[in-house]
Amino acid sequence: MSLTTIILAAGKSTRMLSLKSKLLFKISGEHIIEHVCRAVASINSKNIVCVLGNSPQQLKDFIKQNEIQSVDQKNPCGTANAVKIAISSMPVNKNNKILILCGDVPFISPVTLKRMVSKLDNSDLCLGTYIQENPAGYGRIIRDNKKIVEIIEEKDASSKIKKVNEINTGIICINEGVLRKFIGKIKNNNKQKEYYLTDIIKLLSDNNYKISSYTIKNGLETMGINSKKDLVDLERKLLIKKANDLLNKGVLIRDVMRTDIKGDLKVQKDVEIDINCIFEDKVSIGSNTTIGHNCYLNRCKIGKNVHIKPNTIIFGATIGDNCIVGPYARIRPGTILKNDAQVGNFVEVKNSIIGNRTKINHLSYIGDAELGADINVGAGCITCNYDGEKKYKTIIESNSFIGSGTRLVAPVKVGKGSYIAAGSTVTKDTPGGGSLTIARSKQISIPKWKSKATKGKK
Ligand code: UD1
Ligand code: MG
């Protein structure tokens, strides 16, 4: 049996109090809609149709880039109307299964979706439910002798119904034939004057169709985002869970409340993470490495026995074993630090290779450069890599010593074993081999300068 997934994404996001679609807010490092699309991509759904409304171009572009078919719900007047528009764009296939997801429920897992789809083999509709401690805002599941008979939306619920804590997660799997038969029968006689997809439950129940349910255990999977408060509450819950999971696996996370693992963090043995660190996208950390407080690590690979000191930013880089980085270092994309290298405070390194045991410890900018092994770069050195139009490369060969305050005007090559005098502006290649290059004006002292300069003045 084939499967089509409909993602509902045309709502007006009113409760978000924002000009942009709620589905484009980021949670745990990705847009809300990206999480949903990723879950759908990993189940065997042949077709995916996304219902868009007067959605912002950015959302339309995202759907297009992901090669997802979309339909337009020009007047978003309810989830049933959205589904009706989606199925009217599809060829009729009464043997098809249809999975309906809300674009604003980001952490639904592929395992849950697969289980719900398979439950449809023995029923006409399978509803994803959850037992929620504080069910405010959600549709409530009404059962009669265990059988689901109706869903009542929060806004239409009496105070008695509001106490029901089994909620509709918004995830519905239904046989296409049944959906086509009943979708047009849904009315909008409710407080919001909206066509509620959830009203299909009562219609099926009244007509003796078989409704099954799947109770989702993990509350994070079922939380929908309607307001900014929902967004931050869900994100915080998820981040605490991720940090706790790693702590339980032996990573010494000093404070799970103050560690944000937004992407995929892979960690080996005896890693220690101090407070206020943020990890985004794919990050891997080798054994016995310490990350100081306030660090930001995004798409990077950190070796073993590394010490990342506080307030360091590493983005798109590889750090070899035994390196020391920071405090206050900024390592930018395309950088590779080979083993035992050191990059210290207020040093920015971009798109550069730093050789084994090479040290750049204070206040420098190294960009588009290749540094060999055993080099010492003094305080305040700058590779001048940009002439206003193009970027050029600086090469510093091994065993060189770059005096403090040196400017290397690229393209330029510092030969193996060069010494550069402090304060030099190097514009030509240096010969290396133990030579000293001095490229600054000769120091002179003008005698009696003060008395000449002040001559004639009182
Ligand atoms: C919906 C369910 C509710 C459930 C909750 C779970 C209905 C009527 N209610 O409520 O039972 O507990 O989700 O999170 O379905 N949308 C459209 N077109 C529209 C209206 C909405 O595409 O005309 C989309 C929205 O963009 C959103 C999804 O449908 O992604 C759900 O709509 P929303 O307004 O968030 O419904 P809830 O009040 O959360
Ligand atoms: Mg919602």
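## Report on the predicted model

Asn 356 has a relative accessibility of 26% and therefore counts as partly exposed, since the partly exposed class lies between under 20% for buried and over 50% for exposed. The structure is a predicted model. Asn 356 belongs to the loop between strand S27 (353–354) and strand S28. Its C-alpha atom is separated by 21 Å from that of Gly 380, and the two residues are 24 residues apart along the chain.

Because six of the six residues of S1 are buried, the strand is largely enclosed by the rest of the structure. In a regular strand, side chains alternate between the two faces of the sheet. In S1 both faces are covered: Leu 3, Thr 5 and Ile 7 are buried on one side, and Thr 4, Ile 6 and Leu 8 are buried on the other.

S1 pairs in the parallel sense with S6 over six bridges, and Leu 3 has Lys 97 of S6 as its bridge partner. S1 also runs parallel to strand S4 (residues 47–52), to which five bridges join it; here Ile 6 stands opposite Val 49. S4 is itself mostly covered, with five of its six residues buried. S4 pairs in turn with strand S5 (residues 69–72), in the parallel sense and over four bridges. In that pairing, Asp 72 of S5 is the bridge partner of Leu 52.

Ligand 1 is surrounded by 24 residues, of which Gly 11, Gln 73, Gly 78, Glu 153 and Asn 168 are the closest. By residue class, this shell divides into ten nonpolar, ten polar and four charged residues.

| Residue | Distance to an oxygen atom of ligand 1 |
|---|---|
| Ala 10 | 2.8 Å |
| Gly 103 | 3.4 Å |
| Asn 168 | 2.6 Å |

On its own, ligand 1 has 750 Å² of accessible area, and the protein covers 91% of it. Helix H3 (79–88) and strand S10 (166–175) are the elements that give two or more residues to the shell around ligand 1.

The magnesium ion, ligand 2, has Asp 104 (OD) and Asn 226 (OD1) as its protein donors, at 2.2 to 2.3 Å. This pair links distant parts of the chain, 122 residues apart: Asp 104 lies in the loop between strand S6 (97–102) and helix H4 (110–119), and Asn 226 in the loop between helix H7 (219–222) and helix H8 (228–248). Both Asp 104 and Asn 226 are buried.

Technical notes
Residues are numbered from 1 along each chain as its sequence is written. Chains are lettered from A and ligands numbered from 1 in the order in which they are written. This is a predicted model: local features need pLDDT of at least 70, side-chain atom pairs count only at pLDDT 80 or more; totals for chains, interfaces and linings use all residues. Side-chain values use heavy atoms; hydrogens and water are left out. A residue is near a molecule or strand if one of its heavy atoms lies within 4 Å of it. A polar contact is a pair of N or O atoms within 3.5 Å; within protein, one must be able to donate a hydrogen and the other to accept it, and residues adjacent in sequence count only if both atoms are side-chain atoms. Accessible areas come from the Shrake-Rupley method with a 1.4 Å probe; for residues, only the protein chains shown count as cover. Ala, Val, Leu, Ile, Met, Phe, Trp, Tyr, Cys and Pro count as nonpolar, Asp, Glu, Lys and Arg as charged, and the others, Gly among them, as polar. Donors are N, O and S atoms within 2.8 Å of the metal (3.2 Å for Na, K and Ca); water is not among the atoms, so sites may look incomplete. Buried means under 20% relative accessible area, exposed over 50%, partly exposed in between (1.4 Å probe, protein chains only). Two strands pair if DSSP finds at least two bridges between them.
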